[in-house]
Amino acid sequence: MTEAVPLTETHRPTESRPPEPAVLGQRTRPHRPDADVRTVPDPAPPSGSLLAGLLRTARPKQWVKNLLVVAAPAAAGQLFTVHALTELALVLALFTACAAAVYLVNDARDAEADRAHPTKRHRPVAAGQVPVPVAYAAGGALAVLAPAAAAWLTAPAVAVLLTAYLAMQLAYCVSLKHVLVVDLVVVTTGFLMRAMVGGLALGIPLSRWFLITTGFGALFMVSAKRYSEAVQLAGTAGATRALLTEYTTGYLRFVWQLAAGVAVLGYCLWALGEGGVPHTSVLPWRQLSVVAFILAVLRYAVFADRGTAGEPEEVVLGDRALALIGLAWLAMYGLAVANW
């Protein structure tokens, strides 16, 4: 095994440097700005208005994740009523505001580090389009107003969940994203909270199978994304997510495989178990949906195994076969809930 050669060694031939760690699971050396920043071009000059920059920082592409708020009402067959649609639209807007607050604070906090990153340096805060104090102020305002509006306009449980979500995600931005395993749990819990909040808003009891399948399904996608990042950054200098150097690819593979298995098991126990939806429909849609669900997991696992499972929404929408399998599952699941 050869030693890793520092990037600046050709300019300072007489300097002796200790060898790099050979094991992926070892901790990385302390960050040295003078060794990293010099190799990255200056960020592009800011362009566009402040409002456009704030909107970009709020990550509109990520808002599709918040559609999970309809999961519990849809599973309970209580989605298509005027009251449910109105309440869920409000909850969706409030959760989006909370997520935007987290993104704004995160980018303000990481502005200096992002300027040394080849792609993140183009983010509005890092590029100077949105001043750091403005990002902090906008994020703080949303973090206060969204739970307050939820307490006034929706069920108290929604306000409590949104407050807990903000506290957890802000703690993630500050320190938890640097803690092994805890970072996976926090991101997974964020997805689970999205799936729970719709049921809390409408007073729908949350099934244990719903929580198990949703939670481990989220962990499957989150750990698959981390695994893909670790595979793509393996052997490259200046890994952008320091924690990835402390995970081994073998461990992350174990996590996403375990999570996929538990998610499939939880769904099968719901679909094939007794009780629930009466068996009076034309076809056993609930049982048949197991096939589509397993196919979707297996298809997603192809991208995880290749190390190309990025953002979940990009994987699902970017693969036609996976999108068609997902639509087939939605159709069968909907028919099962409607008892058609």
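Asp114 and Arg123 form a salt bridge in which the closest N and O atoms are 3.6 Å apart, a salt bridge being a side-chain nitrogen of Lys or Arg within 4 Å of a carboxyl oxygen of Asp or Glu. The model is a predicted one, in which local features need pLDDT of at least 70 and side-chain atom pairs count only at pLDDT 80 or more, whereas totals for chains, interfaces and linings use all residues. Residues are numbered from 1 along each chain as its sequence is written, and side-chain values use heavy atoms, with hydrogens and water left out.

Asp114 is buried, with a relative accessible area of 5%, whereas Arg123 is partly exposed at 22%; buried denotes under 20% relative accessible area, exposed over 50%, and partly exposed the range in between (1.4 Å probe, protein chains only). Both residues belong to a network of salt bridges that also includes Arg59 and Asp107.

Across the whole structure, 11 salt bridges were found. One of them joins the side chains of Glu311 and Lys65, at 3.3 Å from N to O. This pair links distant parts of the chain, 246 residues apart: Glu311 lies in the loop between helix H12 (285-306) and helix H13 (312-318), and Lys65 in the loop between helix H2 (50-57) and helix H3 (71-75). Glu311 and Lys65 are both buried. A further salt bridge is formed by Lys177 and Asp110, with 2.7 Å between the closest N and O atoms. Lys177 is located in the loop between H8 and H9 and Asp110 in the loop between H4 and helix H5 (111-114), so this pair ties together parts that are 67 residues apart in sequence. Lys177 and Asp110 are likewise buried.

The protein chain contains 14 helices and 0 strands; helices (H or I, at least four residues) and strands (E, at least two) are DSSP runs, numbered from the N terminus. Of its 340 residues, 41% count as buried. Among contacts (heavy atoms within 4.5 Å) between residues at least 6 apart in sequence, 72% join residues at least 24 apart.

Helix H8 was examined in more detail. The end C-alpha atoms of H8 are 27 Å apart, in agreement with the 27 Å that its 19 residues should span at 1.5 Å a residue; the expected span is 1.5 Å times one less than the number of residues. Buried positions in H8 include Val158, Leu161, Leu162, Tyr165, Leu166 and Tyr172. The buried residues of H8 pack against helix H4 (82-109), helix H7 (132-153), H9 and helix H10 (208-233).

The protein chain exposes about 17900 Å², of which carbon and sulfur atoms supply 69%; accessible areas come from the Shrake-Rupley method with a 1.4 Å probe, and for residues only the protein chains shown count as cover. A nonpolar surface patch consists of Leu180, Val181, Val185, Tyr251, Phe254 and Leu258, with about 500 Å² of accessible area together. Patches are made of residues with over 30% relative accessible area and no salt bridge, like charges being joined within 9 Å and nonpolar side chains (Val, Leu, Ile, Met, Phe, Trp, Tyr) within 5 Å. Helix H11 (residues 249-272) provides the largest share of the nonpolar patch, 3 residues. Leu180 is found in the loop between helix H8 (156-174) and helix H9 (182-202) and is partly exposed, at 34% relative accessibility.

The structure holds 0 disulfides, a disulfide being a pair of cysteine sulfur atoms within 2.5 Å. Cys98 is buried at 0% relative accessible area, and Cys268 also counts as buried, at 17%.
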